[in-house]
Amino acid sequence: MITIQNKYFSALQICMSGQCFRMEECGENRYSLVAKGKYLELIQQDDNILFDCTQKEYNDIWKDYFDMETDYAKIIDSIDEEDTYLLTAADYGKGIRILQQDLWEMVISFIISQQNNIKRIRKCINVLCEKYGERKKNANGVPYFDFPTPKSLAETQIEDLYACGLGYRSKYIYAAANSVYHGDIDLSQLWTLDYDNAKKELLKLYGVGTKVADCICLFALHKTDAFPKDTHINKVLAVQYPEGFPFDRYGKNSGILQQYIFYYDLKKGL
């Protein structure tokens, strides 16, 4: 068990922020996560986060995954003191961190996210993993399913994807899997590109539009200047920033601030 103290980390807020669909509550202040081929449980007690893993696994995987070396306090402190809306949103969601997730998993996850809600996205992804992912066990013998590989999805029948409740997204998933598996697009090259060029490459995938490409750039490639826009964000921009969001001021941190806005708008009315 590894204990990290950080007041800018909330497992609950990360779980509910709409960027990660295989993290869920599994008890009081306890969360489970399947990512990077591993199973992890977290326990949060105020500002203390307990990672149920070895120090080596934390250093090799989870430290970067949860972006633990980025100073989120400094980012929040950079917000214009006259922008009361953004200050409120950032304070409300200050425990959110931009996760550095598996690129292939994010491609499929955000294709599934189109015209969908978080609860249903989670269900669709779980069904896909149980049907096509490798079954594993963690160190304590807890079984879990890894995310399906491009090969496993490319070699299935598109009708079987429809049977997973994926609807019209089935044809997008099938096409993306075949494009990656057969080498029409090399996802590994995206790491060498800047945000604009990585986004252009992602848009070549059938079924990947601007918003999905931005989500993949932000939550997998960690291009924190990516600023995904959905109905929540567009509504806020129209009301709070009629002259445009100040991208010039925030630059590479714009995508991080977008998450505070998204989470605040999503949760404040509940």
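Here are some questions and answers about the structure above.

Me: Before we start, what kind of model is this?
Reply: Residues are numbered from 1 along each chain as its sequence is written. Side-chain values use heavy atoms, with hydrogens and water left out, local features need pLDDT of at least 70, side-chain atom pairs count only at pLDDT 80 or more, totals for chains, interfaces and linings use all residues, and the model is predicted.

Me: How many helices and strands does the protein have?
Reply: Helices (H or I, at least four residues) and strands (E, at least two) are DSSP runs, numbered from the N terminus. Going by that, the protein has 14 helices and seven strands.

Me: What is the radius of gyration of the protein?
Reply: This value is taken over C-alpha atoms, and the globule rule is 2.2 Å times the number of residues to the power 0.38. For 270 residues the rule gives 18 Å, and the protein comes close to that, so it is as compact as a globular protein of that length. Its radius of gyration is 18 Å.

Me: Is Ser 32 buried or exposed?
Reply: Ser 32 sits in strand β3, residues 30-35. Buried means under 20% relative accessible area, exposed over 50%, and partly exposed in between (1.4 Å probe, protein chains only). Ser 32 has 8% relative accessibility, so it counts as buried.

Me: Which residues does Cys 215 touch, not counting those up to four places away in sequence?
Reply: Cys 215 is part of helix α11, and at 4% relative accessibility it counts as buried. A contact means heavy atoms within 4.5 Å. With residues up to four places away in sequence not counted, Cys 215 touches Phe 110, Ala 220 and Pro 228.

Me: How much space lies in the largest pocket?
Reply: On a 1 Å grid over the protein atoms alone, a pocket is an open set of points with protein on both sides within 12 Å along at least five of seven lines, while a cavity is a set where a 1.4 Å probe fits but cannot get out; lining residues have an atom within 4 Å of a point. Grid points are joined across faces, edges and corners, and a volume is the space filled by probe spheres set on the points. For the largest pocket that comes to about 480 Å³.

Me: Which element gives the largest share of the lining of the largest pocket?
Reply: The elements that give two or more residues to this lining are α6 (118-132), α11 (210-219), α12 (231-240) and α14 (254-267). The largest share, five residues, comes from α11.

Me: What is the volume of the largest cavity?
Reply: Searching the whole structure turns up one cavity of 30 Å³ or more. Among the residues lining the largest cavity are Cys 20, Arg 22, Tyr 65 and Glu 105. The volume of the largest cavity is about 40 Å³.

Me: What is phi of Asn 29?
Reply: Most residues other than glycine have a negative phi. Asn 29 lies in the loop between β2 (23-27) and β3, and at 41% relative accessibility it counts as partly exposed. Asn 29 is not a glycine, although its phi is positive, at about 60°.

Me: And where does Gln 115 lie?
Reply: Gln 115 has a positive phi too, near 50°, in a residue other than glycine. Gln 115 counts as exposed, because its relative accessibility is 73%. You'll find Gln 115 in the loop between α5 (103-112) and α6.
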